[in-house]
Amino acid sequence: MPASPSTARAINDRLALRLLQQQGPLTAAQLKQQTGLSRPTVADLVDRLAASGLIQVVGEAGEQRRGPNAKLYGIVADRAHLAALDVRTEGVSVLVSDLVGRVLGEASVPIGGDTGTGHAVEQAVALVERVAKEAGADRLHTVGIGAPGLIDPATGELRDSGGLPAWHRRLVAVLQERLPAARVTVENETNLAALAEQRDGAARDRDTFVLLWLGFGTGAAVVLDGHLRRGASGGTGEIGFLPVPWTRGLPSATDCAGGFHSLASSAAITELAGRHGVTAPPGTEEPLGAGLVRAAVQAVSAGGAGAWDAGVVPAGVVGAGGAGVGSAGGAAGAGSAEGGAGAFLDALADRVALGVASVVAVLDPGCVVLGGEVGHAGGEELAGRVEERIRRMAPLPTEVRAGVLGGAAVLRGALLTAREAAQEVLFAPLDR
């Protein structure tokens with residue numbers, strides 16, 4: 001059945017707002033061209049959206065031609081202010097933006113592991129309030145939070161986890177109490193990183209891909225046919241618990257030690273780098289694991305690299321009996337340099353490839369993005385080594401890419417979700 005006039009107007013309004021959101025300011029002629037609507041219909045919707053306070057004239061186009069310039073219409077940026085939080089085990093980062101995503105303020109605060117729950121929550125909330133005030137945002141419309149852990153798909157809340165600080169769960173409730181007019185949402189940090197890499201980073205041309213997070217810990221986000229998949233209990237991508245060889249045991253339901261986490265977390269990377277004599281330059285501001293990987297990549301670019309021998313157990317991992325293979329407890333693989341940046345990157349690629357190969361065998365995503373601070377630091381050098389191993393390990397063609405956004409992807413993803421949530425409310429059909 002044909003849509004009623006009011007329904008048709010609502011559809012047209014949402015279409016125009018979506019174009020302005022994605023492309024920025026447009027003229028009425030450009031809206032007509034891209035929507036396929038008639039000139040009178042576009043004129044009506046422009047007047048309607050302007051009267052509602054959703055769009056306004058933000059400039060002119062056509063300065064290079066004769067005649068009157070065309071008005072450029074854009075979303076009213078200060079119609080709402082948004083906050084995005086990246087909640088880590090060791091601290092919180094916050095940014096405040098307007099409705100079109102322009103960052104107005106940003107800051108971080110470290111929170112030590114020995115900080116009590118109440119004090120930690122107060123530090124984080126005070127940071128949000130301070131950044132909002134300095135940004136001139138008297139009232140926050142939506143707050144998007146990225147945090148490690150499982151998000152309950154039924155309630156949208158961060159589930160209790162013994163491996164995470166207690167203040168993480170308390171923070172969401174306190175923010176809602178202190179900001180009663182704001183909508184507060186929380187999402188797994190790796191999922192947010194995947195959304196950001198798909199919108200603005202390494203996966204812009206992919207509807208199906210997996211982001212493998214390599215940072216302080218490990219995780220994965222699964223995007224299939226354009227949709228983020230969370231699983232029955234919100235646990236899709238908990239790859240840190242994946243049982244893998246070369247560890248000293250198996251993970252448990254409450255501890256990922258012995259799983260993929262034991263091979264690819266920042267602590268594991270730091271230990272691996274020490275075996276190969278790789279050190280980070282003094283004064284680096286990025287996390288230690290990422291700094292070590294970046295130093296190795298720079299050294300390889302400037303000099304030499306170790307080769308990988310597919311027929312030899314990878315260097316720098318732990319054998320079934322617990323003895324170090326390719327380290328002090330065993331012989332290094334033939335064809336690889338003993339120690340050094342190249343051998344370190346080879347050994348790290350061997351480890352990362354275990355996680356990637358498992359994902360490929362189950363999901364066949366066609367593309368895996370190495371995200372997080374370590375994935376970004378490793379760049380094409382690490383991604384290329386992992387892809388080489390996947391070609392030998394898996395029968396399914398898979399491209400391995402380096403993440404573009406690094407650790408900033410979580411904050412970017414939190415902002416994207418906050419914008420979409422706010423616009424969903426503000427761009428709802430007008431009451432006619």
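User: I am new to this predicted model; how many bridges join β4 to strand β5?
Analyst: Welcome! Strand β5 covers residues 91–98 and runs antiparallel to β4. A hairpin through two residues connects these strands. The number of bridges joining β4 to β5 is eight.

User: Which residue of β5 is the bridge partner of L85?
Analyst: Strands of a sheet pair through backbone hydrogen bonds, in either a parallel or an antiparallel sense. Here β4 and β5 run antiparallel. Within β5, the bridge partner of L85 is V94.

User: And which residue of β7 is the bridge partner of L85?
Analyst: Strand β7 (residues 140–147) runs parallel to β4 and is joined to it by six bridges. L85 has a bridge partner in β5, V94. In β7, the partner of L85 is I145.

User: How many of the residues of β4 are buried?
Analyst: In a regular strand, side chains alternate between the two faces of the sheet. For strand β4 (residues 81–88), the count of buried residues is eight of eight.

User: Which residue in β15 is the bridge partner of V368?
Analyst: Strand β14 takes in residues 367–371 and pairs with β15 in the parallel sense, over four bridges. V368 has its partner in β15. That partner is V400.

User: Are α6 and α12 roughly parallel or roughly perpendicular to each other?
Analyst: Two packed helices are described by the angle and the distance between their axes. For α6 (residues 189–200) and α12 (residues 408–426), the axes come within 7 Å and cross at roughly 80°. An angle from 65 to 115 degrees counts as roughly perpendicular. The helices are therefore roughly perpendicular.

User: How many nonpolar residues does the contact of α6 with α12 have?
Analyst: From α6, residues including L192, L195 and R199 take part, and they meet α12 residues including V410, L416 and E420. By class, the contact has two polar and five charged residues. Its nonpolar residues number eight.

User: Is T190 buried or exposed?
Analyst: T190 lies in helix α6. Beyond its neighbours within four places in sequence, T190 is in contact with L211, W213, G219, A220 and A221. Its relative accessible area is 4% and the limit for burial is under 20%, so T190 is buried.

User: What is the relative accessible area of T218?
Analyst: T218 belongs to strand β10. Leaving out residues up to four places away in sequence, T218 touches W213, I239, G240, F260, H261, A264 and S265. T218 counts as buried, with a relative accessible area of 17%.

User: How far apart in space are H376 and W213, C-alpha to C-alpha?
Analyst: H376 sits in helix α11 (residues 372–393) and counts as partly exposed at 32% relative accessibility. Among the residues H376 touches are R294, L370 and G403. H376 and W213 are 163 residues apart in sequence, while their separation in space is 9.9 Å.

User: Last one: how many disulfides does the structure hold?
Analyst: C256 is buried at 19% relative accessible area, and C367 is buried at 0%. A disulfide needs a pair of cysteine sulfur atoms within 2.5 Å. The number of disulfides in the structure is zero.

Technical notes. Residues are numbered from 1 along each chain as its sequence is written. This is a predicted model: local features need pLDDT of at least 70, side-chain atom pairs count only at pLDDT 80 or more; totals for chains, interfaces and linings use all residues. Side-chain values use heavy atoms; hydrogens and water are left out. Axes are lines fitted to C-alpha atoms, for helices over the stretch in contact, and angles run from 0 to 180 degrees between N-to-C directions. Angles under 35 degrees count as roughly parallel, over 145 as roughly antiparallel, 65 to 115 as roughly perpendicular and the rest as oblique. Contact means heavy atoms within 4.5 Å. Ala, Val, Leu, Ile, Met, Phe, Trp, Tyr, Cys and Pro count as nonpolar, Asp, Glu, Lys and Arg as charged, and the others, Gly among them, as polar. Two strands pair if DSSP finds at least two bridges between them. Buried means under 20% relative accessible area, exposed over 50%, partly exposed in between (1.4 Å probe, protein chains only).
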